[in-house]
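This dialogue takes a few structural features in turn, each with its general idea and then its case here. Please keep the model open while you read.

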Amino acid sequence: MRVLRLVYGDPRAAAELAARLTGRQAAGLDPLPTEPADLAPALLRGCRREIRALPEDTRLLLLLAAADQYPVATHAFLRAVAAARLDTRPLDAAEAAGLAYATAGGVGFRDAWTRIAAYETAAPADRRDVHRLLARVLHGPAETPRRSWHRGAGALGPSGRLAAELTAAATQARAAGDPALSGALAERAAALCTDPREQSRLLAHAATDAWHSGDGDRSRTLAARTNTDALTGILALRTGNATEAFDALLAGAARGPGQGATPGTRAQAQDGGVDSLAVLVPAMAPDPDADRDPDGTGGAVPFVSTDDPSTHLLARAAEAAVYTGDLPLCREVVWVARRSGVDPPGVSGGIVAAVEGRYEDARDLLEATAGRCGPGGDPTLLVHAGIAALLLGDHHRAATATVRAAAAARARGHVAAVSQAMEFHAYTDFWTGRPRAAEAAALDAQRQAYATGQDNGACHLQAALAMFAALTGDDDLCRERAAAARSYALAHGLGLPAALAQWALAFLDLGHGRYAAAATRLRALAASGPGHGHRAIRHLATPHYVEAAARTGDTRIARAAHADYERWARAVRSPDELALSARCRGLLTPGADALDHYRTALDLHAEGTRAFERARTELLFGSALRRLRLRAEARDRLHSALEAFDSFGAPHCAEAARAELRALGAPATPAHAGRRPTTELTAQQLLVARMAADGATNREIAARLALSPRTIDHHLRGVFTRLDIRSRIELVRLLADAEDG
């Protein structure tokens with residue numbers, strides 16, 4: 001997807017570029033090339049020949065149109081034509097040659113390569129002239145940044161005055177939420193600047209703007225021309241090694257205003273540190289509605305960016321520590337923050353307190369972070385609020401924070417931050433009984449992450465998608481996704497997705513009754529560090545570990561794990577966590593004494609939001625009732641669990657409930673009765689099914705979705721199995737009937 005975007009959607013150029021990438025570029029380890037002339041020279045050579053064959057006055061009009069369109073769209077072509085009293089009839093020659101055509105707003109080119117050729121074949125003096133002409137016809141405050149762009153593009157050489165004008169224009173565009181424009185202005189200002197230090201600062205601005213606008217490869221290329229630790233760390237956080245990102249971010253934070261490098265940090269800061277990165281932390285006025293509570297969030301105040309970049313970089317360092325799962329890194333963030341005289345940012349303080357067994361302190365620290373999820377906040381800090389809420393088991397506030405993070409990112413034009421917010425939002429849909437919505441959102445966020453060069457975020461989403469596949473009981477898909485996530489995660493120091501992928505495999509084993517395998521995997525998640533376990537996943541995994549251990553009869557370690565989990569649940573006071581702890585007590589208690597614990601668990605589930613876990617509790621309770629020959633209540637509980645599993649699209653769990661009903665001698669409700677067949681499919685299966693029904697081959701579907709043909713074949717086999725059909729003809733008919741219904 002990134003290659004296709006680099007060549008303006010041209011499949012021929014994409015194929016040519018892909019064949020020329022280095023191994024590291026193809027693997028996403030090095031930035032992709034960014035100059036169009038380097039991408040498809042053969043295509044450009046042909047376009048240049050065609051442009052040179054046109055009359056001179058036609059070439060002039062095409063040059064003017066090309067300069068008006070890229071890389072900054074100024075929409076001033078018609079005004080420039082009128083101001084210069086140019087005749088537009090020569091455009092007929094370009095249209096006759098099939099190169100360009102007149103539009104209501106000016107000129108449309110056959111493709112991007114033709115536009116590039118129209119600009120590049122012109123003499124430098126002619127290019128400067130058309131830029132100056134376009135600058136003269138752009139008027140008004142709103143057009144100031146674009147006027148400055150053309151003035152800068154028309155310059156003969158370096159100019160401190162024009163560099164200052166472009167810098168001011170970039171600031172104006174950035175404040176207006178247009179990072180693509182501000183980045184182009186900052187990069188041009190750097191080209192005109194004569195001071196190397198100021199040039200590095202401007203390139204850091206341009207790299208940051210490119211990142212926010214979703215062009216991760218361009219951002220990394222520009223960042224490589226600077227010597228800014230903090231910027232390097234922020235980019236590495238989303239596409240490099242998480243531990244290296246942590247080192248760079250902490251080094252940048254340690255060089256806060258008026259500070260030298262803080263002793264004890266893992267890396268030494270370099271010149272060009274925090275003072276050159278104020279753009280990364282744009283100061284924002286408090287939201288005028290901050291103390292209102294329009295949607296029942298408890299009067300939460302918004303997170304606003306701090307004027308101190310070092311505090312913001314500490315929050316990013318805390319984020320890197322969370323991704324690694326390396327607990328000493330969390331402690332280091334807390335240590336540096338306290339030494340700097342600020343509160344530990346994000347969730348780092350809460351995680352450290354939890355690791356040290358200070359659960360009440362952890363709750364208070366996480367609560368303070370989660371409570372700051374009001375509107376108008378900084379996207380990064382709102383994501384931290386969502387993570388804190390997830391750790392507390394508060395899915396309502398997690399959903400609020402992550403949705404607001406995505407909205408704030410869109411309002412600022414920060415395309416890259418949207419997929420990060422949706423990484424964590426997917427959990428809220430998953431746990432609250434909307435697995436199809438969660439999967440669809442995660443797939444969309446993963447495509448965005450890949451397209452914007454955020455491979456670490458895509459890996460996290462791959463692990464989340466493995467979790468969704470585990471819920472639906474899709475062995476092959478779960479294992480494929482988990483293997484891909486773990487392979488990438490281990491190579492990049494990402495403990496969170498590695499542990500989540502391992503949990504997905506364990507949950508799959510548990511759902512299919514492979515209790516010994518599930519117990520082994522879940523017990524390993526109690527460790528910490530990249531590739532092993534993660535504190536957040538440890539709490540997620542404990543109730544399932546207790547279930548697997550109880551099924552195998554080996555409960556010694558499970559009892560100790562539950563005792564710790566019980567302390568956590570009581571500290572955070574989440575109804576769902578308390579319900580799961582009560583369920584664990586039921587599993588670990590023999591005979592009829594277990595029943596009261598299950599009843600307590602269901603009462604608590606009624607106050608919580610984790611609908612899928614409630615269904616599992618009902619299944620376990622119904623099984624216990626059956627063994628004690630309490631047939632009537634067992635039947636009610638099992639039927640309730642069966643209905644829930646069917647609605648979630650979890651056929652293996654539903655089959656477990658049917659097996660219990662058969663053992664009870666009670667009829668099981670027919671699966672999927674009265675429901676549309678398409679509701680049995682996952683979001684990705686439905687997407688593949690619709691494309692197949694439209695006549696696309698497996699290879700064509702694979703190319704469109706950036707998957708392997710083998711994966712598409714697997715999806716279609718799953719579709720045929722779930723819908724109980726045998727051919728594409730039946731699929732076409734069934735989908736048509738479902739849509740008509």
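**Reading the features**

Q: Which helices each supply at least two residues of the lining of the largest cavity?

A: The helices α22 (379–391), α24 (415–431) and α30 (535–552) each supply at least two residues of that lining. Helices are DSSP runs of H or I with at least four residues, numbered from the N terminus. A cavity is a set of points, on a 1 Å grid over the protein atoms alone, where a 1.4 Å probe fits but cannot get out, and its lining residues have an atom within 4 Å of a point. This is a predicted model, in which local features need pLDDT of at least 70 and side-chain atom pairs count only at pLDDT 80 or more, while totals for chains, interfaces and linings use all residues. Residues are numbered from 1 along each chain as its sequence is written, and side-chain values use heavy atoms, with hydrogens and water left out.

Q: How many residues line the largest cavity, and which lie nearest its centre?

A: The lining has 19 residues, of which Leu390, Leu391, Ala536, Ile537 and Leu540 lie nearest the centre. Helix α30 gives the most to this lining, with four residues.

Q: How does one read burial along a helix, for example in α20?

A: A residue is buried when its relative accessible area, found with a 1.4 Å probe on protein chains only, is under 20%, exposed when it is over 50%, and partly exposed in between. Helix α20 (residues 348–355) is mostly covered, with seven of its eight residues buried, among them Ile351 and Val352. After α20 comes glycine 357, whose phi is positive, near 80 degrees.

Q: Which residues does tryptophan 503 touch?

A: Contact means heavy atoms within 4.5 Å. Leaving out residues up to four places away in sequence, tryptophan 503 touches Trp431, Met467, Leu522, Leu525, Ile537, Leu540, Ala541 and His544.

Methods. 1 Å grid on protein atoms, 1.4 Å probe; cavity = no way out; pocket = protein on both sides within 12 Å on 5 of 7 lines; lining within 4 Å.
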